[in-house]
Each structure stands twice: as C-alpha cells, then as structure tokens.
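Colleague: Could you walk me through how to read a few features of this model?
Modeller: Gladly; let us look at it together.

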Amino acid sequence: MSQTLIKKAFKISAIFLIIFFLLNYFSVKNPNLVPLISKSILAAVAFFLIYVVAFTVLDSPERKIKFGTTLPIAIIIGLMIGALISQIQIGVIIGIVIGILAGFIWEYIEKRNGGQR
C-alpha cells in the first residue's frame with residue numbers, strides 16, 4: 001500500500017469528519033457532544049477504510065473494468081430485491097457484497113484459465 005494513498009485517505013477522511021460533525025451539530029436542537037463526536041469519528045474511520053480498500057482493489061485497469069462492470073449490475077439487482085422486500089438499505093449492501101464477490105470470482109476464473117477470456 002502506498003504512502004500517498006494513506007495520506008490522501010487521511011486528508012479526505014478528516015474533511016469528511018468535520019463536515020459530518022458540523023452537519024449533525026447544526027441539525028439537532030440540543031446536541032450532546034460526546035455521542036456526536038464518537039459517531040463522527042466512527043463515520044470517518046469507516047470512510048477511511050472504505051477509501052483505502054476501494055483504491056487498493058482498483059489498482060489496475062483490468063480490475064477497474066471487472067469491478068466497474070460487476071458492482072453497478074449487482075447494486076441495481078440488490079436495489080430491486082430490496083424494493084420488493086421493503087428494505088432498500090439491505091438490498092444495496094447485499095448488492096455491494098455480491099458485486100465484489102463476482103469481481104473476485106471473475107479474477108479467479110481468469111487466473112485459472114491462464115489469463116484468457
């Protein structure tokens with residue numbers, strides 16, 4: 001993992017932390033700072049991890065094509081299933097997981113076949 005990726009992820013997460021905190025602080029009438037700060041830090045850490053994982057996985061043009069194809073299709077299918085069961089958030093999460101798994105399965109099959117399609 002490159003140091004520039006970590007530095008950029010940290011900077012963007014810090015900006016996200018500040019914006020998330022300010023939005024939540026000004027949207028509540030009587031804000032309790034301790035839970036608000038802890039939620040903001042938790043959201044920034046989650047954003048940092050997702051940012052690092054996403055850009056580590058998408059490090060080559062081939063992977064960008066694979067995951068750029070499988071993720072949107074799986075998320076759309078997950079949205080439709082989530083709408084049918086009235087749980088759209090769960091559908092999106094399931095779509096993301098299925099899209100990532102499909103991308104890795106695509107890579108595995110390609111490696112097993114010697115890089116041929």
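Colleague: Which residues do ring pairs link into a cluster?
Modeller: Rings of Phe, Tyr and Trp (its six-membered ring) pair if their centres lie within 6.5 Å; planes under 30 degrees apart count as stacked, over 60 as edge-to-face and the rest as tilted. Here, Phe16, Phe20, Phe47 and Tyr51 are joined into a cluster by such pairs, and the count comes to six aromatic pairs. This is a predicted model, where local features need pLDDT of at least 70, side-chain atom pairs count only at pLDDT 80 or more, and totals for chains, interfaces and linings use all residues. Residues are numbered from 1 along each chain as its sequence is written, and side-chain values use heavy atoms, with hydrogens and water left out.

Colleague: Why is the pair of phenylalanine 16 and phenylalanine 47 stacked?
Modeller: Their ring centres are 4.8 Å apart and their planes are at 15°, so the pair counts as stacked. It links distant parts of the chain, with phenylalanine 16 in helix α1 (residues 3-27) and phenylalanine 47 in helix α2, 31 residues apart. Helices here are DSSP runs (H or I, at least four residues), numbered from the N terminus.

Colleague: What does the side chain of threonine 70 lie 3.1 Å from?
Modeller: A polar contact is a pair of N or O atoms within 3.5 Å; within protein, one must be able to donate a hydrogen and the other to accept it, and residues adjacent in sequence count only if both atoms are side-chain atoms. For threonine 70, a polar side-chain atom lies 3.1 Å from the backbone oxygen of glycine 99. Threonine 70 sits in helix α3 and is buried, with a relative accessible area of 14%.

Colleague: Which residues is threonine 70 in contact with, leaving aside its neighbours within four places in sequence?
Modeller: Contact means heavy atoms within 4.5 Å. On that basis threonine 70 touches Gly99, Ala102, Gly103 and Trp106, with neighbours within four places in sequence left aside.

Technical notes: Helix = DSSP H or I, 4+ residues; strand = E, 2+ residues; numbered from the N terminus. Buried < 20%, exposed > 50% of the residue type's maximum accessible area, 1.4 Å probe, protein only.
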